Each structure stands twice: as C-alpha cells, then as structure tokens.
Amino acid sequence: MEILGYSERGVLYSLIYEISFSENSLRLLEEFLSLATFPYRETTFQLSGAEVLIEQSFSEFGVPDLIALIHNTGRKQVVFVEAKTESIYSEFEKFKAKLEGGERENIGSLLPTQLYYKTRLIDGLRLGGIRALKNSVRFSGIFKPKDKPYRTIGNNEIVLKAAAKVMEYSDDALFIALTPDEPSILKSFFEKLKNFSHKDLHGWKVDDWGYMSWKQVEEFCKRNKLMRTLRVFDWNRSKFFNGMKGGKHGHT
C-alpha cells in the first residue's frame, strides 16, 4: 500500500515516519536536524535518544508541525520545526503588514508568528511551568486575545501532558523555519532578522531560531534512499517553488 500525504505536512509526516521505521533511525534524525543552520549560536547534533511529537496542539500557543525531544551531546534539548511551502520573505511581508495595520485575522497562520508563539511557550515553561502557561505569558497588540492580556495553554489533558513533557527539555530550545527558499536566500534573510523589532512583539527574540530548506531535505532523502518520502515530494511538487522545482528522481 502507498500513502501520499498533501503539501508540507504530508512530506514532513512521511519523512518522520520513514525515519522512525529505519534500522538507523537515530542517526537519520541526527542527520536531518543537522541540515539546519543556526546563525546566532553554535549547535551540533550528536543524539543518544529522541522522542518526536507531530502536530501537537498547545492551545493558544499554536500547533507546531514537529517537536523533537532529544538527548544531544549529554543534555536534553527541544527542537521545534515549523514548515511552509511559501518563501520566508513572503511570510514575513504578510507578518509585517498585519503588524503595521493592526490586523489580527489569520496572524497565527504565518511562520514568524508560529515561531514567536513557541519561543513564548518556552519562556512560560521556564518562568513557572504549566501554571505560567495558564495566565502569566503576556502578549501585546494583535497577538493578545481580545478578552485577556495573555495566551493560555487551557485544560485539555493531552495538551497539558505534552507541555509537561516539553518542560523537561525546555532549558535548551531551538526553533527551525523550514521553507522552499535556497539556503543562500535564508542566510540573507536571517542576517536582517536580528535587527527587526516592533512594539507589539512583547518578549520577541530570535537567538535560538534557525533555518532549513526543502531542497536540503529532498537531497537528504536521496542520500539515504528514503523512497516513500521522495514519492510524496514528487506528488506535491507543484505546491512548492524555488528549491522544490525540478525533475523526477528516477524512482518508481
């Protein structure tokens, strides 16, 4: 039986499941994470253990595409991955336009917002654990819910269980933007990102943000003969652009 998922989530889910069923799954996850560049800090991956959460809700803090809870070079570390099929410049231009116009509609679907919410989620866990996520992580402007000055984790049992699990790894957190842009374009974008600020971005910081290109992921799949994921790449090729453009892989 063949399963073909849709768009960025379809590719990412196929990739993680194919890695998990591989005999060398930990090495493959390590290689996958090592594709990311973190321009504001030094990071290397040498994994001795890992657990992955896919599409795990954190209520008003959003739903990350992937969370890797890893034992890396002798320490616990959490890695959030937010994946998009649009250019990081396109996502950021929409983000800035909403900031400048004070427009909150669909702000949570944009890549910068998704990464921002996850950094604030970690801030809350470091501040006071689950209790802080209920009423202590404040937001400003269009990021603030209409009826209160903070976003909340809520009371869903599974959400709280996931937050407690992430808290064990929250001392060292990384946040990856996965987009179709060429690595050189992402590098240029991140060189400018460090200087961005806005009065509504309470607690905004990008020190632990990094980037990865879908082109790098596709090449990783080719190197490691992850054929199921490569077929999902081909199925969704028209959804992507830049690094995702190109011909067939020659597999069946």
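This is a predicted model: local features need pLDDT of at least 70, side-chain atom pairs count only at pLDDT 80 or more; totals for chains, interfaces and linings use all residues.
The model contains an open sheet of five strands in the order 1-2-3-4-5, and the pairing is mixed. From one strand to the next, the twist averages 25°.

Strands of a sheet pair through backbone hydrogen bonds, in either a parallel or an antiparallel sense.

| Strands | Sense | Bridges |
|---|---|---|
| Strand 2 and strand 3 | antiparallel | seven bridges |
| Strand 3 and strand 4 | parallel | six bridges |
| Strand 4 and strand 5 | parallel | five bridges |

Individual residues mark these pairings. Asn72 has Arg75 in strand 3 as its bridge partner. The hairpin of strand 2 and strand 3 has two residues between the strands, and Thr73 takes a positive phi near 45° there. Val78 is bridged to Ala173 of strand 4. Ala177, in turn, has Tyr211 of strand 5 as its bridge partner.

Strand 3 is largely enclosed by the rest of the structure, because seven of its nine residues are buried, that is, under 20% relative accessible area.

Helix 2 (residues 25-33) lies across strand 1, strand 2 (66-72), strand 3 (75-83) and strand 5, and runs at about 75° to strand 1. Helix 5 (residues 157-167) lies across strand 1, strand 2 and strand 3, with a direction at about 35° to strand 2.

Methods: Residues are numbered from 1 along each chain as its sequence is written. Side-chain values use heavy atoms; hydrogens and water are left out. Two strands pair if DSSP finds at least two bridges between them. Helices (H or I, at least four residues) and strands (E, at least two) are DSSP runs, numbered from the N terminus. Axes are lines fitted to C-alpha atoms, for helices over the stretch in contact, and angles run from 0 to 180 degrees between N-to-C directions. Contact means heavy atoms within 4.5 Å. Buried means under 20% relative accessible area, exposed over 50%, partly exposed in between (1.4 Å probe, protein chains only).
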